[in-house]
Amino acid sequence: MRRIYIVEDDRKICDILADFLHKYDYDVATVKDFDRIDQEFKGEDPHLVLLDINLPRFDGFYWCRKIRALSNCPIIFISARDSGMDQVMAIENGADDYITKPFQLEVVLAKIKSLMRRVYGEYRNQKENPIMDISGLQLDTSSFVLTFRSRHIQLTKKEFLLAQALLTNIEKVLSREYLLERLWDDQDFVDDNTLSVNITRLRKKLADIGIEAALITIRGAGYKLVNVWETLQ
Amino acid sequence: MIAYIKDQIGAVIFFYSQIGIVMVIAELGSSLSGGEIGASTYGYMLLIVTFFQIVYHLYRYFRFRDIYRYAASDASETAWLPDTPDQLTTQLKEHYEKQYDYYKQELERFHHEKKQETLFMQQWIHQMKTPLSVMRLTIDKEETHLPPALKQNLDEELDRIKHGLQLALYQSRLQQFERDFHVEKIVLAELVRSIIQEYKSSFIRHRVYPKIDMDPSLTVYSDQKWLGFVLEQVTSNAIKYSQHSNDTILFRTRIENDQIVLAVQDHGIGIAKQDLTRVFDPFFTGENGRHVRESTGMGLYLAKQICDALDHKLLVQSVIQEWTTISVVFNEGR
């Protein structure tokens, strides 16, 4: 398990980050003594460090140099400062990447993953196979194939993203806005119609593998996936 | 020289009028006593006094020359004054120097205060970003537990805070523009995409959708961050003033007179004709400001200031209730 050491003086951010990374199977250590960050680093021996700039006593740049003297471990700065100068300073003091506040957890995760991959090699999926399984309905997150009672159906990327969001939040109402945000990527800006079309297609594909009426439209609120197949099994 | 002559012409006239009176009295006196002074004697007298008069004025002119030249030149930048030739100018010089020192001190004090204030502003804005992150992250974490309407409300308010902080930060940065200014080659389409990503939830919330019609290879020379800020303002305006109607916001580039033009067009409420020329004024919100509560009137003003400093042009065209196009014209060709 990869260990991440978080140096951030805002307790809440620290906790949220730790919680989130924990969910993605990282071992997380947070800072305890702001005067002995280099010692703590040595003790924890993490695979990656998240470092804030504004810290009590010495700033993040200082600690970054200290850590660099000890190790080559990847360091990502997380700071509210967003001037070019700060980013240059960070990189020059030995950081590998820079994230500005307010940030999104997904961005942090993506950057951590990419750095870990580059530094420690490919290790993805070491924890488990890529298949989500909810009462026999299986979604293969690597090939986008949906399986139920040995009937397979191939999903498109958009259908897959929808299915994934719905399965992760099964029995919960997901708003159209929430789903639209999942579908957007930087190449494709999805509108309301596209969402409706994809929901219809997904419904049809679910029907094709024998699951009817699981994907419910809640008027004025969004969509909900109901586990109707548990009894079918 | 001319200024000197102007100053002295009165004295010269006075001098010759005195000579004239002396001559008249001498003429009268000599004719009463029967004698006579010849015209050549008068001529000689005139010549002599004129000679000394010229010598005197030449001498005086050379002493005062520096002062005259100094006064004529535009010396607003320095406090230096040439050596003074007489009592009056010496006193004036002392007075002037005292005032100059006083103003300089005053100015330095203001400068210092202003700097402190800017520093405080920037620090404070950064400090505010942390609680903002915490709120945003907390909401994201609870995303599916919150009622959608509540989540949307919170998102909207958080975005407003973020936008406001951003405005304040750039406003305070603008005052020290040169310090933080880095021109590089920018792939325009990439920058636009990243800004659209940034405003993703805002687009979705307002039910408007971006459309890109751009040559992906077009590059411009600009400052990534400042230009990004300008495009953020333009984009956020376009979203704000669209009409929740599944409309599109079109990002389009074209080449016009060898200049690259990036136009952002919305199909929103438009801008009233009488407001068009004033949208770049600070705090101007116009007709639309009364309908949209987020209007601060600062976004486009700052965008314009930044474009001026970056040597880009910022143009606005609009037909009310139809569309608004804001274009950035990059000064260099391909």
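Biologist: How many salt bridges are there across the interface of chain B and chain A?
Modeller: The model is a predicted one, and the rule finds five salt bridges across the interface of chain B and chain A. One of the salt bridges joins Arg207(B) to Asp192(A), with the closest N and O atoms 2.6 Å apart.

Biologist: Which elements of chain B give two or more residues to the side that touches chain A?
Modeller: They are α3 (87-141), α4 (148-174), α5 (188-198), α6 (200-206) and β2 (209-213) of chain B.

Biologist: And which of them gives the largest share?
Modeller: The largest share of that side comes from α3(B), with nine residues.

Biologist: What is the make-up of that side by class?
Modeller: The side of chain B that touches chain A has eleven nonpolar, ten polar and ten charged residues.

Biologist: What about polar contacts, how many residue pairs are found?
Modeller: Seven residue pairs are found in polar contact across the interface of chain B and chain A, with both residues at pLDDT 80 or more.

Biologist: How many residues does the contact take from each chain?
Modeller: Chain B gives 31 residues and chain A gives 32 residues. The area buried between the two chains is about 3,100 Å², and carbon and sulfur atoms give 62% of that area.

Biologist: Which residues of chain B lose the most area to chain A?
Modeller: Those are Leu137(B), Thr144(B) and Ile204(B), which together account for 20% of what the chain B side buries.

Biologist: Let us turn to Ser175(A). Where is Ser175(A) found?
Modeller: Ser175(A) lies in strand β10 of chain A, which covers residues 173-175.

Biologist: Why does Ser175(A) count as buried?
Modeller: Ser175(A) counts as buried because its relative accessibility is 11%, and the cut-off for buried is under 20%.

Biologist: What is Ser175(A) in contact with?
Modeller: Leaving aside neighbours within four places in sequence, Ser175(A) is in contact with Ala221(A) and Gly222(A), and also with Pro148(B) from the other chain.

Biologist: Now a new topic, Asp52(A). What feature does UniProt place there?
Modeller: The unreviewed UniProt entry places "modified residue: 4-aspartylphosphate" at Asp52(A). In the model, Asp52(A) sits in the loop between β3 (48-51) and α3 (60-70) of chain A.

Biologist: Is Asp52(A) buried or exposed?
Modeller: Asp52(A) is buried, as its relative accessible area is 4%.

Biologist: Which residues does Asp52(A) touch?
Modeller: Not counting residues up to four places away in sequence, Asp52(A) touches Val7(A), Glu8(A), Asp9(A), Gly60(A), Phe77(A), Ile78(A), Ser79(A) and Lys101(A).

Notes. Residues are numbered from 1 along each chain as its sequence is written. Chains are lettered from A and ligands numbered from 1 in the order in which they are written. This is a predicted model: local features need pLDDT of at least 70, side-chain atom pairs count only at pLDDT 80 or more; totals for chains, interfaces and linings use all residues. Side-chain values use heavy atoms; hydrogens and water are left out. UniProt positions are given in the numbering used here, feature names are shortened, and annotations may be inferred rather than shown by experiment. Helices (H or I, at least four residues) and strands (E, at least two) are DSSP runs, numbered from the N terminus. Buried means under 20% relative accessible area, exposed over 50%, partly exposed in between (1.4 Å probe, protein chains only). Contact means heavy atoms within 4.5 Å. Buried area is the accessible area (1.4 Å probe) that two parts lose on being put together, summed over both. A salt bridge is a side-chain nitrogen of Lys or Arg within 4 Å of a carboxyl oxygen of Asp or Glu. A polar contact is a pair of N or O atoms within 3.5 Å; within protein, one must be able to donate a hydrogen and the other to accept it, and residues adjacent in sequence count only if both atoms are side-chain atoms. Ala, Val, Leu, Ile, Met, Phe, Trp, Tyr, Cys and Pro count as nonpolar, Asp, Glu, Lys and Arg as charged, and the others, Gly among them, as polar.
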